[in-house]
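This briefing describes a structural model, grouped by topic.

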Amino acid sequence: MNRIMERGLVLFCWIFGLLPLLILLTVIVYLLIRGGNALGLELIFGKVPVLDALFGHRQVFDGLLPALTGTGLLVILSLVLAIIPGICGGIYLAEYSSPGEGRMLGLLFDIIAGLPSIVIGLAGFALTIILHRHYPGRLGPCLLLSAMALAFLIVPYLVRTTEASLRSIPLDLRLTGPALGASKLQNIVFVLLPARMNDLIGGIILAIGRAAEDTAVIMLTGAVASAGMVRSVLEQYEALPFYIYYISSQYSDAAELQSGFGAAILLFALCGLLFLLAILLEHGFSRRLKR
Amino acid sequence: MINAVKSFEHFCRAMAMGSGLLLIAILFMMAFLGWPLIESGRFIALFSTEWNPQGKSYGILPMVMGSLRITLLALFFSLPMSISAACLTELLAPRSLRRLLLIAIRFMAGIPTVVYGFVAIFLLVPLMREYFIQGSGFSIITASLVLAVLIAPTMIIFFVNGMQSVPRPYCAAVDSLGARPMQKFVYLLLPQAYPTFLVGIVLGLGRAMGDTLISLMLAGNSVAMPESIAESGRTLTAHIALVIAADFSSMEFTTIFVCGLTLTLFAICLILSIRLLDHFGSGRVIQVENPRRPGHE
């Protein structure tokens with residue numbers, strides 16, 4: 001490889017390698033310039049006074065409050081559904097399973113993690129069709145169904161994080177508990193899991209981000225453009241990502257488009273915040289290890 | 001106490017097995033709902049090029065081709081960017097910039113797809129319309145450009161990991177021979193780490209193929225067989241979303257389950273090929289004594 005070609009390659013790397021960073025900056029700057037003036041309490045609460053809206057005295061129609069609460073509830077519900085199978089599955093893979101069984105289950109979880117999210121949404125939708133044939137009118141597309149589908153979406157992430165963090169525990173720490181007479185269960189619950197708490201919480205936070213941003217799943221399982229505040233988990237609901245998609249395809253005037261930009265900034269900031277939290281946890285962890 | 005220990009193990013096993021088996025249940029459910037189409041003898045016709053619900057022809061081939069084209073184009077745009085960024089973060093950039101780049105790239109992996117799509121509609125689409133292609137600006141190439149950005153972080157992270165897993169003694173040997181960064185990349189890192197590189201590329205492919213929102217928002221969604229990449233096209237994923245939103249009629253509706261099955265089979269093939277690559281890759285690394293770089297975080 002001669003000198004000129006190498007120079008060329010280096011130049012190529014600098015130009016194309018900084019492109020992702022440049023695009024990230026463009027997205028942020030563009031969102032702030034176009035949508036910055038939409039930010040404010042009015043974006044979320046519309047023209048209703050904040051306290052009235054929060055206590056449910058008055059309905060918010062032209063604000064993002066219903067979409068925000070919809071997304072919030074959705075994420076919490078799907079996390080509640082996913083956390084026990086996810087963490088227990090991870091513990092099983094790391095601590096109990098035989099190698100063959102572990103490989104088999106690992107393959108299944110990898111496939112689930114690789115499934116297009118719209119397929120998972122379609123599966124949720126198919127469930128309502130099949131249920132509808134046997135018990136008409138019981139379960140339609142609703143918040144609960146979306147949460148179930150999203151839970152299925154994030155379970156493989158939780159399993160894999162739990163498994164990886166348990167596997168990364170050094171042998172001396174792993175053997176200390178049993179040497180003192182602890183049972184395997186005690187060792188897992190009182191030694192191994194607490195030792196990797198930061199990793200676990202980091203993984204859970206990233207899974208939350210994944211659930212909050214996904215649009216394809218909720219689109220097929222019950223998110224609609226206007227449903228008002230969430231009243232029950234068995235009803236259709238509004239959600240932030242779906243609102244952004246909806247506005248992009250059918251906005252009718254400038255004000256609506258502006259609130260679409262506001263919603264995009266909100267969702268972006270939400271995911272950024274979650275990411276920041278995960279990073280901080282990770283760094284806290286590595287500092288503790290060095291001490 | 002023994003009892004509690006045993007029952008916890010059984011509980012964990014049930015949880016792991018249960019979530020894994022749900023995948024198989026989902027496959028059966030979609031096959032069951034797509035069955036009428038297969039049974040009615042239109043299975044071969046499914047893979048024809050014509051989609052015309054009035055004329056009772058439900059060929060999904062245009063969508064399959066749309067998906068493939070968008071995915072491969074996205075990969076084509078994304079590869080130079082991803083490899084360069086990985087080289088920057090591992091070899092070329094000064095230390096402080098490396099950290100920044102790595103954090104920015106991990107952050108990019110978490111940006112909601114719908115936000116990318118939303119920004120692209122108002123920023124990239126007018127640009128494409130004005131300067132590059134005729135028509136509305138919603139086209140296969142527009143969607144694949146945005147998808148390229150979407151899948152880049154996944155690939156970059158794998159490329160960087162692959163380079164970091166090259167044995168330390170090899171790096172030291174090459175460094176002490178006075179290799180410049182690009183020489184090190186071309187003659188040492190690339191030949192040593194290519195299985196990991198391939199895994200990253202396959203995962204990027206999977207992400208591009210599985211993404212719904214970008215192609216739904218940017219590709220234009222026409223069902224005709226696309227003639228060129230500057231035309232509008234429809235992917236399998238966008239097709240599912242559009243048909244569900246449109247109506248509930250019988251045969252047209254069952255095709256989406258066939259689309260879903262196609263996507264699932266594709267995902268399974270990708271994961272299996274990653275497994276093969278991993279197997280191949282680990283066979284190479286085992287020969288060395290200390291496969292992990294000691295200084296790595």
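In sequence order, the secondary structure of chain B runs α-β-β-α-α-α-α-α-α-α-α-α. These elements amount to ten helices and two strands. The model is predicted, with an ipTM of 0.87 and a pTM of 0.87.

**Overall architecture**

- Chain A contains 14 helices and zero strands, and its pattern along the sequence is accordingly written α-α-α-α-α-α-α-α-α-α-α-α-α-α.
- The C-alpha trace of chain A extends over about 70 × 65 × 40 Å along its principal axes.
- Of the 291 residues in chain A, 45% are buried; in chain B, buried residues make up 45% of 297.
- Among contacts with a separation of 6 or more, residues 24 or more positions apart supply 75% in chain A and 74% in chain B.

**Helix 3 of chain B**

- Helix 3 of chain B covers residues 95–109, a run of 15 residues. The distance from its first C-alpha to its last is 22 Å, close to the 21 Å expected at 1.5 Å a residue.
- Which residues of this helix are buried? They include Leu101(B), Ile105(B) and Met108(B).
- Viewed down the axis of helix 3 of chain B, the buried residues lie within an arc of 60 degrees, and therefore they line one face of the helix.
- Arg95(B), Ser96(B) and Arg99(B) are exposed, and they sit on the face of helix 3 of chain B turned away from its buried side.
- The packing partners of the buried residues of helix 3 of chain B come from both chains: helix 2 (19–35) of chain A, and helix 2 (61–92) and helix 5 (140–164) of chain B.

**Nonpolar core**

- The largest nonpolar core comprises 170 residues, and Ile244(A) and Val146(B) have the most contacts inside it.
- Helix 5 of chain B gives the most to this core, contributing 17 residues.
- Beyond its neighbours within four places in sequence, Val146(B) is in contact with Tyr116(B), Gly117(B), Ala120(B), Leu124(B), Ile214(B) and Leu218(B).
- As general background, nonpolar side chains in soluble globular proteins tend to be buried together.

**Interface between the chains**

- How many residues does each chain bring to the contact? Chain A brings 69 residues and chain B brings 70 residues.
- On the side of chain A that touches chain B, the largest share is ten residues from helix 7 (residues 117–134) of chain A.
- By residue class, that side of chain A divides into 54 nonpolar, eleven polar and four charged residues.

**Confidence in chain B**

- Chain B has a mean pLDDT of 83, and 86% of its residues reach 70 or more.
- Where in chain B is confidence lowest, and where highest? The lowest mean, 68, belongs to strand 1 (residues 51–52) of chain B, while helix 5 of chain B has the highest, at 92.
- The pLDDT is below 50 over residues 285–297 of chain B, a stretch with 13 contacts in the model beyond near neighbours in sequence.
- Where pLDDT is low, the predicted coordinates should not be read in detail.

Note on methods:
Residues numbered from 1 in each chain as written. Chains lettered and ligands numbered in written order. Predicted model: local features only at pLDDT ≥ 70, side-chain atom pairs only at ≥ 80, totals over all residues. Helix = DSSP H or I, 4+ residues; strand = E, 2+ residues; numbered from the N terminus. Buried ≥ 20, exposed ≤ 12 C-beta atoms within 10 Å, placed from the backbone. Contact = placed C-beta atoms within 7 Å. Nonpolar A, V, L, I, M, F, W, Y, C, P; charged D, E, K, R; others polar. Expected span 1.5 Å × (residues − 1). Arc of directions from axis to C-beta. Core = buried A, V, L, I, M, F, W, Y, C linked by C-beta atoms within 7 Å. pLDDT = per-residue confidence, 0-100.
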